[in-house]
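Colleague: I'm new to this one, and I'd like to talk through its aromatic rings. Can you put it up on the screen?

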Amino acid sequence: MISDSQWSWWSEVTNKKDEFTFQVLTISVISLMAILWYRSRKTLSTLPPGPRGVPVVGYLPFLGANFHHEFTKLAQRYGPIFKIHLGSKTYIILNSSDLAKAVLHDQDDIFANRDPPVAGLVVSYGGKDIVWSNNNSYWRNLRKVFVYEVLSNKNLDETQSFRRGGVRKTIKQVYERMGTEVDIGGIVFFTSLSVITNTIWGKSLVEDEKNNDVGVGLREVISKIVELLGAPNVSDFFPVLTKFDLQGVQREMKRQWKTMDRILERIIEERLAIKKDEAGRKDFLQILLELKQQNTTSGFSMTEIKALLMDIVVGGTDTTSTMAEWTMAELLQNPNEMKKVQDELEQVIGKNNIVEESHLPKLRYLDAVIKETFRLHPPLPLLIMRSPKLHYIYSAIKVGGYTIPKGSNVYLNVWAIHRDPQYWENPLEFDPNRFLMVDGRNKYDYSGYNTNFLPFGSGRRGCPGVPLGEKMLLYLLASLLHSFNWILPNNKEHELSDKFGLVVKKRNSLMAIPSQRLPDKNLYM
Ligand code: HEM
């Protein structure tokens, strides 16, 4: 038998061991908690700086209506990257070319999601289009088809005559109004709409007599859609309030979407009723319907076709016409530049000829003027908001040495980058020479490869409509400037202030008076 005394050493050791284990455990837990606390503090301390707001609403009450100006002022105080709380959401605002590169190029895949506004979801059939889909296989497929099968060089060449029709019609209309004040925004909008709809479905709603009222209505619908997409909406800042639709944005967008949807359905139905061999030359709609019938992986459903058409009509019309208006406004403000552009047109095209798309690659100075206008007035000054992919953990995403908090949205302040004296000498001066070729090479194109200049964004979410947008803009402006001389009305002050929205426009419409420039009046018919 073993006596109690024999066991006492064991019980002593065990007790001591327990005590030891307990101590080790306690130290481990405390250390672990300290490490976690330190790490969480470290993470917090690496969040970008930013203005303090008030509880619940954050910085909302202090932010003026022109977001791009406000963000630029805040960047001057807090530096090129700052965070801001608006309602229940956190936004990270990037204001430098290096930071743009970090997001658009170095971590492009991570930052290629969207956080669609309520209005965006309504107009895109619940996020079924390219603009508002997340970075997933559905979006990749839709975008691939759009870029390679719809907007290919071959298709753009084949649809050239449709665009020509739209522009020639405008020249005739302006000719009939020579000597009177013309609303430049109005005419360039109708022309862009006519050119876009011509390119998509071969005939223009604006020109077609039978559909005249539809053409006029369409302008209102598109303008309203773009306005609603850019309107600050309480439901976007406080998603829990979405069902109450306090400002009625969702309700109004549904109304506009229904009108557009009816128009698109009618056009598709009309097209389907025509036998394939009677449809004539291929426009975008024909290409999409044929892709649908092919039943391949790139085949489309009818909803996807409508969502894509919506992207093209809404995404292509307002941006292009806004840019055409800004360019005309800058040229009227800078008569020397206007003269240089018109001299070039005379040299390349001649006064006894009209502009054709084949002339466009030779119009170097006009191209530089348009790029300089894009620099000073990027139509989407904050691009379209990006969101980091959801599965990235809290501390994984870093930009400029700061942590991008989970669930935050990222705005790229292109407006600030385009006016930053670090990249642009005398940034507020209108000087197209910055965009002229040096040693046969142009430092800037629309790809956004050089992140000092990003009017179309860049990377995998950059604008896929560049080839069409660029062509339309050059063709339309070259035609208006070659056919007419333009002066400002005496009684109106000419100023270049802007008004924020998804597409930033001139605050006051540009009015100008055209006069005949070409000797032969047949060149206007
Ligand atoms: C002057 C003309 C235009 C300008 C300034 C412009 C500008 C832009 C910008 C800044 C973006 C966002 C890029 C980003 O988030 O990085 C964008 C996206 C987009 N644009 Fe354009 N755009 C123009 C014309 C067009 C045209 C003509 C089309 C259609 C034919 C078009 C279709 C789209 C689409 C579908 C997207 C969404 C891309 C995506 O999310 O993957 N755009 N555009």
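What follows is a chat about ring pairs and charges over rings.

Modeller: Keep in mind that this is a predicted model. Searching the whole structure turns up 20 aromatic pairs.

Colleague: Why is the pair of Tyr 91 and Tyr 411 called stacked?

Modeller: Their ring centres are 5.9 Å apart, and the cut-off for a pair is within 6.5 Å. The planes meet at 15 degrees, and under 30 degrees counts as stacked, so stacked it is.

Colleague: What makes you say that this pair ties together parts that lie apart in sequence?

Modeller: Look at where they sit: Tyr 91 is in strand S2 (residues 89-94) and Tyr 411 is in strand S6 (residues 409-412), so the two tied parts are 320 residues apart in sequence. Both tyrosines are buried, too.

Colleague: And why is the pair of Trp 424 and Phe 435 called tilted?

Modeller: With centres 5.8 Å apart, the rings pair up, and their planes are at 40 degrees. Stacked needs under 30 and edge-to-face needs over 60, so this pair is tilted. Trp 424 and Phe 435 are both buried.

Colleague: Which residues do ring pairs link into a cluster?

Modeller: Phe 67, Phe 71, Phe 82, Tyr 91, Phe 237, Tyr 411 and Phe 500.

Colleague: How do you know that the charged end of Lys 371 sits over the ring of Tyr 446?

Modeller: The distance to the ring centre is 5.1 Å, and the cut-off is within 6 Å. Arg 375 lies over the face of Trp 424 at 5.3 Å from the ring centre.

How values were computed
Residues are numbered from 1 along each chain as its sequence is written. This is a predicted model: local features need pLDDT of at least 70, side-chain atom pairs count only at pLDDT 80 or more; totals for chains, interfaces and linings use all residues. Side-chain values use heavy atoms; hydrogens and water are left out. Rings of Phe, Tyr and Trp (its six-membered ring) pair if their centres lie within 6.5 Å; planes under 30 degrees apart count as stacked, over 60 as edge-to-face and the rest as tilted. Helices (H or I, at least four residues) and strands (E, at least two) are DSSP runs, numbered from the N terminus. Buried means under 20% relative accessible area, exposed over 50%, partly exposed in between (1.4 Å probe, protein chains only). A charge sits over a ring if NZ of Lys or CZ of Arg is within 6 Å of the ring centre and within 35 degrees of the ring normal.
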